[in-house]
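Morning, everyone. I'd like to walk you through an interface today, so let me put it up on the screen.

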Amino acid sequence: MKVNEIQDLIKFVSKSGVSEVNLETKEVKLTIKNDGVKKGKGGEAQILQVPVQQMMPQQMQAAPIAAAPIAATPVAAAPVTEAPAPVIEAPTVADDTSKYIEVKSPMIGTFYRRPSPDKKNFVEVGSEIKTGDVICIIEAMKLFNEIEAEVTGKVVKIFVDDSTPVEYDQLLFLVDPS
Amino acid sequence: MIYIGKNRIHYSEIDSTNSELKRIYLTEEITEGTLLTTNFQSSGQGQRGESWESAPGANFLGTYLLTPNINPREVFVLNIIASLAVKETIAELIQSEVSIKWPNDIIVNGAKIAGILVDNKIISSKIVASFIGIGLNINQLEFSDFPRSATSIRKIIHKKVENESVTQKLNFHIQQFYSLFNLKGFETLNFLYHQNLYLKGESQFYEVETGTKKFTLQSVNKEGCLQLFNNSGEIEVFGIKEITFLK
């Protein structure tokens, strides 16, 4: 997972009102806690990022890191003994993502990229999509919800792996409408 | 006022009633309340990746189109509307107690008699169409007992029942609970759902990630997750693939 993706995620969590996000990919297991949800202001996010294979018996606690204002605060990963602390640069505006449209999850559920396990993915990074195209399914307790594109454009990024749980308002796709 | 089931499409055989009604919805104008039925589904859907088996012509296999005005966060109410309607339909035909096994199977004497599968289309965080698929065992007598034993109305009352009379009852009850939801909202329906919830308040064994554990089923939350009391009296919350009923 790239550093700016983690930063985006922290920013998103601190803004969203979600109190905790757990994300597990092949390389990392990431937990972001947003205490600000309960306190109501000045959200404080804790991050914990370690390679999964090193997440062995003892749970490593990461130091709390101030999340807001994110743009001004260089985010430093917690110094953990086994995993080398990633060097994180101060956020710079690398690519212009402001023109991209964010597609978020309208509900809590399980994110599926394919109509069924034996079919191919609805979309890939780079796919051209148009309004009304099905881009994913979110299953919520035996209800299968086909999410349709609300813009025409190109899929720039897919944030969630197939068959993983998603929270309400979690970022799923970035679409370049141009 | 919409009339559930008034607009009716019937096929002697189709791959899946949900898929076919979805295809029709995408290509032509069809009214809310349209019911598509079939005698036989060549690839009937159960839960994702699982199939639904039914003897040809023996049972109700159909999908209703609804266009409900609900927030996607309250989407579970569609399971509630469908489960209550199917439960009432069966309860009118048999003497035994009928209950709703979370999230939406209908159970009589511990055996499954009906299943529900809902597909929704969502755009801009709005549900634009809901396809409520129902399989209700009416006259089928032979079942493979896996993963849970199954039953039918005929197996219980020892009498053949006209499929079409069951369809009429089902239309009526879908109409009834859908209207009730539109008039009274989520809470009223949620109350009725909980009144009919299988194993509610009973202490039973369940299979969870940590092994076989005893819980007392308490309720289903707004997102549709199952909430149970563990041995220490604390509430634990489970999603659909996180817990298996052993009874």
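I'll go from the overall contact down to one residue pair. First, a caveat: this is a predicted model, where local features need pLDDT of at least 70, side-chain atom pairs count only at pLDDT 80 or more, and totals for chains, interfaces and linings use all residues. Residues are numbered from 1 along each chain as its sequence is written, chains are lettered from A and ligands numbered from 1 in the order written, and side-chain values use heavy atoms, with hydrogens and water left out.

Okay, so who touches whom? Chain A puts in 25 residues and chain B 30, counting heavy atoms within 4.5 Å as contact. Together they bury about 2,400 Å², with 57% of that on carbon and sulfur atoms; buried area here is the accessible area (1.4 Å probe) that two parts lose on being put together, summed over both. On the chain A side, M141(A), K142(A) and F144(A) lose the most area to chain B, together 36% of what that side buries.

Now the charges. The rule finds five salt bridges across the interface, meaning a side-chain nitrogen of Lys or Arg within 4 Å of a carboxyl oxygen of Asp or Glu. One of them joins E146(A) to K22(B), closest N and O atoms 3.0 Å apart.

And the strands, which are DSSP E runs of at least two residues, numbered from the N terminus. β9(A) pairs with β6 of chain B (residues 111-123), parallel, over six bridges; pairing takes at least two DSSP bridges. Back to E146(A): its bridge partner in β6(B) is K121(B).

Key. Helices (H or I, at least four residues) and strands (E, at least two) are DSSP runs, numbered from the N terminus.
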